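Dear colleague,

Please find the structure below. My notes on its salt bridges and on one annotated stretch follow it.

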Amino acid sequence: MNMNATILGQTIAFIIFVWFCMKFVWPPIMGAIEKRQKEIAEGLSSAERAKKDLALAQTNATEQLKEAKLESAQIVELANKRKAQIIEDATREAQAEREKILAQAQAEVEAERNRVKEELRKQVAALALVGAERILERQIDAAANSDIVEKVVAEL
């Protein structure tokens with residue numbers, strides 16, 4: 001019996017130990033395991049959300065980059081159009097200024113030509129008078145015969 005009593009005592013001790021473990025040790029271990037499983041699941045869920053957010057952010061960044069490139073291309077195109085317009089306006093203004101200067105120069109040349117013609121007429125008239133004096137061998141009074149000089153100048 002001694003052996004039976006020992007086995008019975010060991011069995012009772014084992015049952016008490018199992019009951020004690022089930023009552024006091026097992027619940028905190030299971031709680032800790034469940035808590036850890038929940039934390040791991042939340043961590044995996046957070047990692048999955050972060051992965052999706054990263055993919056969305058990358059997509060958004062790519063879209064924004066495309067939009068920025070498109071916008072910069074439009075700005076460059078507008079700048080080139082504006083440059084061409086400025087060059088065209090400056091060319092047109094320069095052409096107008098050139099024509100104005102040419103017209104002014106032609107008017108000055110024409111006025112100078114008329115002045116030189118008039119001066120030449122007067123000199124020819126004076127030479128004609130000198131020639132007439134010599135031909136007639138007498139002195140012609142230029143002041144007295146100014147109407148004759150005026151007619152000669154007008155005819156030339």
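Notes on helix H1

Arg 92 and Glu 88 both belong to helix H1 (residues 2-136), where they sit four residues apart, about one turn of the helix. Helices here are DSSP runs of H or I with at least four residues, strands are runs of E with at least two, and both are numbered from the N terminus.

This is a predicted model, in which local features need pLDDT of at least 70 and side-chain atom pairs count only at pLDDT 80 or more, while totals for chains, interfaces and linings use all residues. Residues are numbered from 1 along each chain as its sequence is written, and side-chain values use heavy atoms, with hydrogens and water left out.

Salt bridges

Side chains of opposite charge can pair when their charged atoms come close. A salt bridge is counted when a side-chain nitrogen of Lys or Arg lies within 4 Å of a carboxyl oxygen of Asp or Glu. The structure has seven of these salt bridges.

Arg 92 takes part in a salt bridge with Glu 88, at 3.3 Å from N to O. Arg 92 also forms one with Asp 89, and there the closest N and O atoms are 2.5 Å apart. Asp 89 and Arg 92 are both in helix H1, three residues apart, again about one turn of the helix.

For accessibility, buried means under 20% relative accessible area, exposed means over 50%, and partly exposed is in between (1.4 Å probe, protein chains only). Arg 92 is partly exposed at 45%, and Glu 88 is partly exposed at 43%. Asp 89 has a relative accessibility of 23% and so counts as partly exposed.

Glu 110 and Arg 113 are separated by about one helical turn because they are three residues apart in helix H1. Glu 110 is partly exposed at 33%, as is Arg 113 at 44%. As for networks, salt bridges with shared partners link Glu 88, Asp 89 and Arg 92 into one.

Annotated stretch

UniProt lists residues 6-26 as "transmembrane region" in an unreviewed entry. UniProt positions follow the numbering used here, feature names are shortened, and annotations may be inferred rather than shown by experiment. In the model, residues 6-26 are 100% helix and 0% strand, with the end C-alpha atoms 27 Å apart.

Regards
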